[in-house]
Amino acid sequence: MGSVATEIRGSVAVVSFDNAARMNAIDAGVAEGLAAAAGKLKARKDVGALVLRGAGEKSFCSGIDLKFVEQFPERAAGFASLEEKTEAFFSDMTEMPFPTIAMLFGHCHGGGVQLAASADFRFGDAPLKLSVPAVKNSLFYPISALERLVLILGETRAKRLMYEGETLDAGTLLGWGFLDRVYPAAELERVTLDYAERLAAQPREVVAAYQGIFRALRRGDADKARELRAQAKARREPWI
């Protein structure tokens, strides 16, 4: 069974999920651990940034653990048991009051792409390979993940990712805007953590306000964004 560990490095939380025997595929241990970790971190005031990664050096996430799913009398029940927890994780990740970075390396497939898409930023290594074979396998990707992919990639490229089901390399993902930065494999961890520390050093209350403003804008609620900005200004500016 997979597991999840959270390490606090100064003001940066590093969340690492481990199912190494299955290339960090998502089983019950990973799904439940991620949901629990995100729920706890969301409320912490001493964290200024989060890095999400798979354990080891071979694979970020190979997708849903099909061996786990096949333990159920009906595959649909196995997928549903994981989706409930991954959706809880996804919801909390996209509501974090601080920036989040997914550190992608080796392989990122299927459900792993949903995990990666939940972050504000995605850094990848040069050898990275990514795909979403949901359509090929007659599976229906979660709506929240599809919505996020459309936000990141645009509708046309999100459709290409789903319908073509092809494996994309880091250069293509950078050009499409899914990856924000690409580094040699040997440098990825260092530069990702350095960037997270840089973000965590920003005024935390101001960043949290911006996170809320961006969420409101993402929902198309400009009035709410203006309200949040006014509230933040009233709290902050008298102290400057």
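Let us begin with Cys108, whose bridge partner in strand S7 is Leu130. Strand S5 and strand S7 (residues 129–131) pair in the parallel sense over 3 bridges, where pairing requires that DSSP finds at least two bridges between two strands. Strands here are DSSP runs of E with at least two residues, and helices are runs of H or I with at least four, numbered from the N terminus.

A word on the source: this is a predicted model, in which local features need pLDDT of at least 70 and side-chain atom pairs count only at pLDDT 80 or more, while totals for chains, interfaces and linings use all residues. Residues are numbered from 1 along each chain as its sequence is written, and side-chain values use heavy atoms, with hydrogens and water left out.

The open sheet has 3 strands in the order S5-S7-S8, with mixed pairing. Its edge strands, S5 (107–109) and S8 (168–169), each pair on one side only.

I turn now to the helices. The axes of H5 (residues 143–153) and H6 (residues 155–164) come within 7 Å and cross at roughly 125°; axes are lines fitted to C-alpha atoms, for helices over the stretch in contact, and angles run from 0 to 180 degrees between N-to-C directions. H5 is therefore oblique to H6, a class left over once angles under 35 degrees count as roughly parallel, over 145 as roughly antiparallel and 65 to 115 as roughly perpendicular.

Finally, H1 (residues 28–41) and H3 (residues 75–93) pack at an angle of about 25°, with their axes 8 Å apart. These two helices are therefore roughly parallel to each other.
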